[in-house]
Amino acid sequence: MNNLYDVVDLSKNEIMTILDKAKYFKNQITTGNKSFKNLNGKTVVLAFFENSTRTKCSFELAAKYLGAQTTVLTSSGSSVLKGETLIDTSRTLDYMASDAIVIRHSQSGAPYFISNHIKSKILNAGDGLHAHPTQALLDMLTIYERKEFQNLKVAIVGDILHSRVARSNIHILKTLGADINVCGPKTLVPKGIDKLGVKVFYNLEQAIKNCDVIIDLRIQLERQDSGFFPSTGEYFKLYGIKEEVLKYAKEDCIVMHPGPVNRGVEISSGIIASDRCLVDEQVLSGVAVRMAVLDMMLGGEN
Amino acid sequence: MKILIKNGLVVNENEMDKQHKNIIIEDGVIKEITALDKIEENEFSEVIDAKGAYVLPGLVDIHVHLREPGFEKKETVKSGSMAAAAGGFTDIACMPNTSPVIDNKYTVQLLKYKIKDDAVVNVYPIGAVTKGEKGEELAEIGKMAEEGIVAISDDGKPVMSARIMKNAVEYASMFNIPVISHCEDETLVEGGQINEGMTSLQLGLKGINPLAEEVMVSREIALAAGLDTHIHLAHISTKGAIDLIRDAKKRNVKITAETCPHYFSLTEKEALGYNTYAKVNPPLRCEEDVEAVINGIKDGTLDCIVTDHAPHAVEDKNLEFDRAANGISGLETSLAATYTYLVKPGHISMQQLVEIMSKNPAKVIGIEENKVTVGAKANLTIFNPDSEWTVDSAQFYSKGKNTPFNGKKLYGTVETTIVNGKKVYSRGMGICL
């Protein structure tokens, strides 16, 4: 596998190959085998210019479980705070004999930007509002273990406008043959998104009607200043995923969330605690998917 | 100094000559325009063979960022004026968003000295509307007018306060200089990077809704009407704005408007691949807007074509998209782009090109219009429409190599530029100092 920037670049076959491999790794980890040799002698550098818990730690552990050597750069505590540019930072890491750089950045397009300047392979761990390929893959793995993709009814709910998770999930679900409804306040649903082949709803109950899967997105509380919606209270009332509203979805509908969650804003504590919420499962899927992707990118023997 | 231009086809804004002519320039003035007779070439200090190309009145660009003082790594009066000459411009007006901002008589004087020493074409300073372009207090417009500014503008930024804009328009009118308005409602832009549309959706970049331009255009039209005073609208790019301007003109509101070549030739798709050379403010728009700009030029709604020449150093553009500077280095592609996208496809004639690239801009800033007629000042552009070339910004005289036209094919080359009766640029020899 070459550089992984976006799920839009992956064919259905490639996606299924990754999911099958990830499924294997997930089973292995669950039975306690966290020590593979696939990436022995390889160096994976994590360059995280934006805060992260899940993606950062799961990528690092994924690399380590595969036997790679790793180092993690975060903006805080680094020369980025001295004003060093992205180009210079990436080249510096590249010159430490790294084999792959996993990059998370607040600027859309950052992975493409650095690709012109470094030799290491590049894995996009989330760039701005644009894409988050491994998130989409781990979400799919979580669904794959329970349901069929073809004609699956999926509702993506929340701040679609600012969400790279939404964009990547829309692309991957379309490739896999699912039907997608997006839902959020009108101010947070981008113009023209229906042209990507999704149905747009501003009413939650209509959006999740008969759905098999609800992917709930984090409301980025800092954006409230921009006046997209009046208050978290009103948001929760209209769009929060809570018990009362789930009766409109299918009986066995699962609820997913990329994390971190804002309890009482986009999702209720009750739902998080319930069996149908797969947030924890997603985290484990994340490690497995990242192992699969790293293995396909850098792995030698199995 | 006596110059002979042989075999040129004279085009003015009202007519194109039927036959090729010889043009004799002496002491900075067009002395004679005669039929192609045998002529004694020895008596001329310079003989230029136009080889049948168009001889146009010198082009006038009233929206150029020369970056001096303060941003000399991006451009200087010298390099910018050389780029202008290479682009066929004999007269340019420069915006005041330098460092320091041109907002008082001393900075105007400083700029005038620089122009006198370094400029190879005629350069007219534009003063700021507000001190430091901060939008809070009026700049010393009267004192600057005394020093010869041709207009005021806070370009780069809008004047957000309607109160300040109203005062500025009224005050400036006492000195017979127009206010040039950069039409952008900042509260509607909010971190936007490119036009709000399918490209911004695909790339995950914050989009700028066209309303940001239209809302401000609406305000300026109301002010111009209410105060019955001329306001000139800078770099118009949206269908909505053009419709508003068209209606306003029907009501005889004193509005003039300009647009730039990139708004009638390129769309937001240029940004695909996160191409920062396509990042400009106002942003490149969609096909519908491009069509509206072309129609607006055809029917006279848009009076002028300017470049909004915005040169940047490589390190200002070679950054993550959000951090990259806005702007296109346009002086050396403007005439060819206008010819390629407007004249060649038959949207406008060469005469109309002269009107929108020379006559109307001169009128807006109140300078003498250039004409290819006997007795007129010898500001001329010799333009060969048949030559095809591929844009390579590495060859630009401008320090700014930032253009989305790079690698694109354009028709028409500037063969010679004559400023105040002196040959300043020729394609074979470059800038003649």
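Reader: How do you know how far the coordinates may be trusted, and how are residues and chains labelled?

Author: This is a predicted model, in which local features need pLDDT of at least 70, side-chain atom pairs count only at pLDDT 80 or more, and totals for chains, interfaces and linings use all residues. Residues are numbered from 1 along each chain as its sequence is written, chains are lettered from A and ligands numbered from 1 in the order in which they are written, and side-chain values use heavy atoms, with hydrogens and water left out. Chain B averages a pLDDT of 97, and 100% of its residues score at least 70; pLDDT is the predictor's confidence in each residue, from 0 to 100. The model scores ipTM 0.86 and pTM 0.92.

Reader: Why are α1(A) and α11(A) called oblique to each other?

Author: The axes of α1 (residues 12-30) and α11 (residues 279-298) of chain A cross at roughly 120 degrees and come within 8 Å. Axes are lines fitted to C-alpha atoms, for helices over the stretch in contact, and angles run from 0 to 180 degrees between N-to-C directions. Angles under 35 degrees count as roughly parallel, over 145 as roughly antiparallel, 65 to 115 as roughly perpendicular and the rest as oblique. The pair α1(A) and α11(A) is therefore oblique.

Reader: What makes up the contact of α1(A) with α11(A)?

Author: Contact means heavy atoms within 4.5 Å. Residues of α1(A) in the contact include Ile18(A), Phe25(A) and Ile29(A), while those of α11(A) include Leu284(A), Val289(A) and Met296(A). The contact divides into twelve nonpolar, three polar and four charged residues. Here Ala, Val, Leu, Ile, Met, Phe, Trp, Tyr, Cys and Pro count as nonpolar, Asp, Glu, Lys and Arg as charged, and the others, Gly among them, as polar.

Reader: What makes α1(B) oblique to α2(B)?

Author: Helix α1 (residues 77-86) and helix α2 (residues 105-118) of chain B pack at an angle of about 55 degrees, their axes being 9 Å apart. That angle makes α1(B) oblique to α2(B). Val77(B), Lys78(B) and Ser81(B) of α1(B) meet Leu111(B), Lys114(B), Ile115(B) and Asp118(B) of α2(B). These residues comprise three nonpolar, one polar and three charged.

Reader: How do you know that β6(B) and β7(B) pair?

Author: Two strands pair if DSSP finds at least two bridges between them, and β6(B) and β7 (residues 89-94) of chain B are joined in the parallel sense over four bridges. Strands (E, at least two residues) and helices (H or I, at least four) are DSSP runs, numbered from the N terminus.

Reader: Why do β6 and β8 of chain B stand at the edges?

Author: Three strands form an open, parallel sheet in the order β6-β7-β8 (chain B). β6 (59-64) and β8 (122-125) each have a single partner strand, so one side of each is left without a neighbour in the sheet. Helix α11 (residues 350-365) of chain B lies across β6, β7 and β8, running at about 55 degrees to β6(B).

Reader: What makes β8(A) and β9(A) partners in their sheet?

Author: Three bridges join β8 (residues 213-216) of chain A to β9(A), and the two run parallel. Ile214(A) stands opposite Val255(A) in β9(A). Both strands belong to an open sheet of five strands in the order β7-β6-β5-β8-β9 (chain A).
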